[in-house]
Amino acid sequence: MKFLTARNAGLIACDSCHLLLRKPVPRTGKHRCPRCGATLHSRIPRSLSKTWALLIAATILYIPANTLPVMSVVYLGRGEPSTILQGVMHLLAEGMWPLATIVFVASIFVPLLKLVVLSGLLISIRRASNWRTLDRTRLYRLTEFVGRWSMVDIFVIGVLTALVQFGNLASIEPGAGALSFAAVVVLTMFAAHTFDPRLLWDHAQHD
Amino acid sequence: MLRAPSHGGIDRSLALALTGFILFVLANSFPFLTLDAQGQRLDSTLVSSSLSLYAWDQPILGTLVLLTTFVFPLAELLGVIYLLLPLRLGRRPARHSAGLARFLQSTQPWGMLEIFMLAVLVAVVKLGDIAHVIPGLSLYAFAALIGTMALLSTTLDLFDYWEQLPWEQPS
Ligand SMILES: [Zn+2]
């Protein structure tokens, strides 16, 4: 037996104000919520292809984000560039392993987790999987929730470049990898947003 | 999802948003961190992080930091006050405010003050061996602001607002 979804019941819920409406017959263009004015759709239109596009772009940028230096410490004219991983190693060398762990998880592990999990979920929908739908939905919620924390490295770069400005003596400048890294974070956040977890339930069945 | 409208919820959200706004102004009015390196002192404010990225020719990063640590959090605080104050005064919300409510809902994950706080901690540790970092007055206001906004996000639910918004049932 299939789960009863709002769509099967002929109902549509507004994504924005959660008003539940009897499904309108789509005639022309977009249907808008009569209460809040948001566009109504029972599933995000072209959710799969949009999410794939964002994920592929993010995957490509993940490489320069991790191999190029995200910032460099210039001391007496000599620059010392460091990548994300080198930044983590630096924290470890200082004996700050709790902070090093947080930065490692937020900057390296979480973006990779998002890329892998979202791709996996997209493939599972493609294969019309009905395997542990609730767990897959929870996995999605988790990646959506933790994704923002990857921004921490961008803020570190901002704070350091603002604080350390001693002319020719010492300065910290943003590196070429910083923009790619920020793009990975933003693109994966958008990907999580365009992914429609309701698609997971369209093939879900009771045992 | 069935729930009776709660006036306590509106009061609480409004109080938190007003407190948050005052803390936001304080946090942005005073130096945030001061760096002391061999007699040279450098003050920085909250928006300095974003401005320095512009100065380093990284306008996209600068804008991203400005939006996530300044624009969206401020918009959330002011927006909540604008949406809930009429409700508190017993008026029905204006039709045109629905767009603002939708904007606030969709931009909520993009306000990142608590993540910025973690970044400040990381930056201070990284600078530990180079220079002495002195916490500024606004750092305390900022910490209080993060607590206030975290509480706001748990109590704030635009449910009451949406319930009060006038609309016409389609025939
Ligand atoms: Zn609506």
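A:Cys14 and A:Cys17 are both buried. The model is predicted. These two cysteines belong to a zinc site. The protein donors of the zinc ion are the SG atoms of A:Cys14, A:Cys17, A:Cys33 and A:Cys36, at 2.2 to 2.4 Å from the metal. Along the chain, the donors follow the spacing C-x2-C-x15-C-x2-C. The four donor atoms subtend angles of 102 to 114° around the zinc ion, so the arrangement is tetrahedral. For four tetrahedral donors, the ideal angle is 109.5 degrees.

Now turn to the salt bridges. The structure holds eleven of them over all chains. One of these joins the side chains of A:Asp202 and A:Arg43, with 2.9 Å from N to O. A:Asp202 lies in the segment after α7 of chain A, and A:Arg43 lies in the loop between β2 and α1, so the pair ties together parts that are 159 residues apart in sequence. Both A:Asp202 and A:Arg43 are buried.

With A:Arg138, the N to O distance is 3.3 Å. A:Asp135 and A:Arg138 sit three residues apart in helix α4 of chain A, about one turn of the helix. A:Asp135 is partly exposed, at 31% relative accessible area, whereas A:Arg138 is exposed, at 52%.

The surface also carries a nonpolar patch. Its residues, among them A:Leu85, A:Met89 and A:Trp97, together have about 700 Å² of accessible area. Helices α2 and α3 of chain A each supply at least two residues. The largest share, four residues, comes from α3(A). A:Trp97 is in helix α3. This tryptophan, A:Trp97, counts as exposed because its relative accessible area is 59%, over the 50% cut-off.

How values were computed
Residues are numbered from 1 along each chain as its sequence is written. Chains are lettered from A and ligands numbered from 1 in the order in which they are written. This is a predicted model: local features need pLDDT of at least 70, side-chain atom pairs count only at pLDDT 80 or more; totals for chains, interfaces and linings use all residues. Side-chain values use heavy atoms; hydrogens and water are left out. Donors are N, O and S atoms within 2.8 Å of the metal (3.2 Å for Na, K and Ca); water is not among the atoms, so sites may look incomplete. Four donors count as tetrahedral if all angles lie between 85 and 135 degrees; four count as square planar and six as octahedral if opposite donors are over 155 degrees apart and all others between 65 and 115; anything else is irregular. Buried means under 20% relative accessible area, exposed over 50%, partly exposed in between (1.4 Å probe, protein chains only). Patches are made of residues with over 30% relative accessible area and no salt bridge: like charges are joined within 9 Å, nonpolar side chains (Val, Leu, Ile, Met, Phe, Trp, Tyr) within 5 Å. Accessible areas come from the Shrake-Rupley method with a 1.4 Å probe; for residues, only the protein chains shown count as cover. A salt bridge is a side-chain nitrogen of Lys or Arg within 4 Å of a carboxyl oxygen of Asp or Glu.
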